[in-house]
Amino acid sequence: YTFEQASVVCPTNWHLPTDREWQAMELHLGMGAAELGFTGYRGGLMGRALKSSTDWLLKNGSNEFKFNVYPAGVYNNTKNTFEELTTHAYLWTATDAGNGQAFHRALTKDFDGVRRDSIEKGRGLSCRCVAD
């Protein structure tokens, strides 16, 4: 989904979580408060605990938190291609980051943390909806 699509894809009584809602979940799951606003990989082994236990190239997760994220990669709208399909998962937040970008979370086969960063709104990322 592009950012625009992601902002309307959740069913009635559900919504795309904001960056703050992601941070609240990360804090609840044990991320240090000082790390919450950082960009890049943070949270120690938290990413491993959020990843599914199958389908990741080389390094599966433990799915300890039952979040069960699969590596769906990213759609590169500039090249019109899907990339990183077995190695990364990118999830939109509902929070604008300015300059045509929005915040997202990413998990990868290479690191066990959770990446917080911004990405162009035209890219195609996965969504996780939360109940209102």
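The structure is a predicted model, in which local features need pLDDT of at least 70 and side-chain atom pairs count only at pLDDT 80 or more, while totals for chains, interfaces and linings use all residues. Residues are numbered from 1 along each chain as its sequence is written, and side-chain values use heavy atoms, with hydrogens and water left out.

View 1. Helix α2 spans residues 19-28, and its buried residues are Asp19, Trp22, Gln23 and Glu26; helices (H or I, at least four residues) and strands (E, at least two) are DSSP runs, numbered from the N terminus.

**View 2. The surroundings of α2.** The buried residues of α2 pack against β2 (40-42), α3 (46-50), β5 (88-98), β6 (101-108) and β7 (114-120), where contact means heavy atoms within 4.5 Å. After α2 comes Gly30, which has a positive phi, near 115°.

**View 3. The open sheet of four strands.** The strands are arranged in the order β2-β7-β6-β5, with antiparallel pairing; two strands pair if DSSP finds at least two bridges between them. Because β2 and β5 stand at the edges, each with a single partner strand, one side of each is left without a neighbour in the sheet. From one strand to the next the twist averages 30°, with axes taken as lines fitted to C-alpha atoms (for helices over the stretch in contact) and angles running from 0 to 180 degrees between N-to-C directions.

**View 4. The pairing of β5 with β6.** These antiparallel strands are joined by seven bridges. Tyr90 has Ala106 in β6 as its bridge partner, and His88 stands opposite Thr108 in β6. The hairpin of β5 and β6 has two residues between the strands, and in this hairpin Asn99 takes a positive phi near 55°.

**View 5. The pairing of β6 with β7.** Strand β6 is mostly covered, seven of its eight residues being buried. Six bridges pair β6 and β7 in the antiparallel sense, and Arg105 has Arg116 in β7 as its bridge partner. The hairpin that joins β6 to β7 runs through five residues.

Terms used. Buried < 20%, exposed > 50% of the residue type's maximum accessible area, 1.4 Å probe, protein only.
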